[in-house]
Amino acid sequence: MRKIICLTVEELQTNAQKYGYEPNLSMLYPAFLKVVYDNKLHLFFGEDKNAIEEKVNIIKEKIERATRRNRNFRFDAIQPEFNSPPDEYFLHLLNLLCNNFGSLSDHALCWLEPCNGAYDDLKDSIEDKFERFDINLTFEEFKGIFTAWALEICKDSLAIFPNVDKEVREELSKFSSDFGLSPTDKEKWPPRLKKILMSWLSPILGSNIESKLLVILDCLSTYLSYDKARYYLNDETVKLCQRKDKAWYKCNKCGGISPFLLGGTCPKCGALDNKRMEDFEFESLSFWRNPVIKALEKVPGVQLTRINTEEHTAQLSHRDQRQKLWSTTENFEMRFQNVFIDDNEPVDILSCTTTMEVGIDIGSLTAIGLRNTPPQPEKIINKEQEEREEKAQASPLF
Ligand SMILES: [Zn+2]
């Protein structure tokens with residue numbers, strides 16, 4: 001999903017640049033559907049899967065119609081028709097943006113920025129406010145503060161995407177029930193960030209630093225929207241950015257990776273010992289980052305894949321309904337052998353109990369993983385050996 005979301009950000013940014021509009025988070029969904037369509041992906045389960053398929057067909061028609069009539073295909077224009085993405089879409093996005101250790105920003109891929117607004121109205125109003133309160137900061141510096149603050153409130157209270165149900169957030173943060181910012185939280189700086197800003201801005205902003213910080217916080221709050229007594233980053237005024245040549249900074253004290261420094265200090269711990277990351281320093285992120293970079297660079301052979309996993313146990317082998325031709329287990333067995341029924345996708349990984357040892361043809365088996373030693377491990381090994389004889393290739397046994 002990391003690859004798909006990064007390709008989506010790229011798709012939206014390219015389209016926005018081509019037609020001269022400013023992208024925002026709410027436009028990501030139609031761009032996501034186009035990526036799904038272009039790469040022939042099958043995503044999600046149940047109702048969410050149906051919802052995606054239905055919308056992908058609509059996107060397909062729109063693309064074809066725009067090409068046929070030689071019209072522009074713009075995500076900003078079609079966004080209102082795609083304003084209710086399914087829960088699973090949000091679940092993945094929330095995870096990628098708010099995960100405490102593995103967010104897109106932690107992997108030096110994407111970061112959140114404030115929008116300038118139509119005709120730069122948001123940017124202008126912030127600059128005017130800074131001028132009025134004698135705050136000597138540029139909009140670029142404000143962006144750096146915004147990015148650090150947005151990451152902090154996303155990681156702390158999943159304060160993004162106001163329309164997402166509480167149940168979806170609870171799947172990511174099981175022990176928390178307070179999501180978003182309360183009206184009181186909104187008026188307060190996250191303590192760590194406040195400390196960092198105080199030491200950076202005190203010499204620059206001079207007297208009344210406390211009240212000037214409150215003015216900056218007030219400017220940040222204009223990027224929040226309100227839902228059920230809580231505040232969240234507003235989809236329509238915040239954008240997700242990605243740039244190949246973006247400079248990323250690494251803190252030598254906490255190891256944190258950030259898209260911006262705050263007056264030369266690490267936005268995560270306030271240390272001054274930071275440096276711009278050299279190419280070799282991205283190596284430590286290669287497991288998460290390289291597949292994304294290769295997908296963005298369209299390296300041949302790099303595909304967007306999804307691993308489909310099912311369970312094979314005796315409990316599933318009864319015939320679920322009389323009308324059903326195949327039992328659930330038989331259905332999974334066939335799909336594991338790439339025999340497709342009812343347009344279902346293949347099963348890539350079959351998680352089995354010892355019921356697998358019933359003499360079925362296990363298809364194109366490429367690897368076996370054993371969790372616990374089964375009662376008769378030789379039978380499993382025998383199975384693997386049979387496979388090896390048939391296919392003249394070894395199936396590694398883990
Ligand atoms: Zn740090």
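## Conventions and overall content

Two residues are in contact if their C-beta atoms, placed from the backbone, lie within 7 Å. Helices (H or I, at least four residues) and strands (E, at least two) are DSSP runs, numbered from the N terminus. The model is predicted: local features need pLDDT of at least 70 and side-chain atom pairs count only at pLDDT 80 or more, while totals for chains, interfaces and linings use all residues. Residues are numbered from 1 along each chain as its sequence is written.

The protein chain contains 14 helices and nine strands. Of its 398 residues, 29% are buried; a residue is buried if 20 or more other C-beta atoms lie within 10 Å of its own, exposed if 12 or fewer, and partly exposed in between, with C-beta atoms placed from the backbone. Among contacts between residues at least 6 apart in sequence, 63% join residues at least 24 apart.

## Helix H2 and its surroundings

Helix H2 spans residues 28–38 and is mostly covered, with nine of its eleven residues buried. The buried residues are Leu 28, Tyr 29, Pro 30, Ala 31, Phe 32, Leu 33, Lys 34, Val 35 and Val 36. They pack against helix H1 (2–19), helix H3 (46–68), helix H4 (75–78), helix H5 (87–98) and strand E4 (238–241). Just after H2, Lys 40 takes a positive phi of about 50°.

H1 and H2 pack at an angle of about 110°, their axes 8 Å apart. H1 is thus roughly perpendicular to H2. Axes here are lines fitted to C-alpha atoms, for helices over the stretch in contact, and angles run from 0 to 180 degrees between N-to-C directions. Angles under 35 degrees count as roughly parallel, over 145 as roughly antiparallel, 65 to 115 as roughly perpendicular and the rest as oblique. H1 passes H2 in a right-handed crossing; a crossing is left-handed if the near helix is turned anticlockwise from the far one by less than a right angle, and right-handed if clockwise. From H1, the contact involves Ile 4, Leu 7, Thr 8, Glu 11, Leu 12 and Asn 15, and from H2 it involves Leu 28, Ala 31, Phe 32, Lys 34 and Val 35. By class, the residues of this contact of H1 with H2 are seven nonpolar, two polar and two charged. Ala, Val, Leu, Ile, Met, Phe, Trp, Tyr, Cys and Pro count as nonpolar, Asp, Glu, Lys and Arg as charged, and the others, Gly among them, as polar.

The axes of H2 and H3 come within 9 Å and cross at roughly 90°. H2 is therefore roughly perpendicular to H3. On the H2 side, Pro 30, Leu 33, Lys 34, Val 36 and Tyr 37 meet Ile 52, Lys 55, Val 56, Ile 59 and Lys 60 of H3. The contact of H2 with H3 has seven nonpolar, no polar and three charged residues.

## Helices H10 and H11

Helix H10 (residues 191–205) and H11 have axes that come within 10 Å and cross at roughly 115°. The two helices, H10 and H11, are therefore roughly perpendicular to each other, and their crossing is right-handed. Lys 194, Leu 197, Met 198, Leu 201, Ser 202 and Leu 205 in H10 meet Ile 209, Lys 212 and Leu 213 in H11. This contact of H10 with H11 has six nonpolar, one polar and two charged residues.

Leu 220 lies in helix H11, which covers residues 209–221. With 19 other C-beta atoms within 10 Å, Leu 220 is partly exposed. Residues up to four places away in sequence being left out, Leu 220 touches Phe 146 and Trp 149. Leu 220 and Lys 143 are 77 residues apart in sequence and 9.6 Å apart in space, C-alpha to C-alpha.

## Strand pairing

Strand E2 (residues 224–227) and strand E3 (residues 230–233) pair in the antiparallel sense over four bridges; two strands pair if DSSP finds at least two bridges between them. Leu 224 stands opposite Leu 233 in E3. E2 and E3 form a hairpin with two residues between them, and Lys 228 in the turn has a positive phi of about 45°.

Three strands form an open antiparallel sheet in the order E6-E5-E7. Strand E6 (257–258) and strand E7 (274–276) stand at the edges, each with a single partner strand, so one side of each is left without a neighbour in the sheet. Strand E5 (residues 249–251) pairs with E6 in the antiparallel sense over two bridges. The bridge partner of Tyr 249 in E6 is Ser 258.
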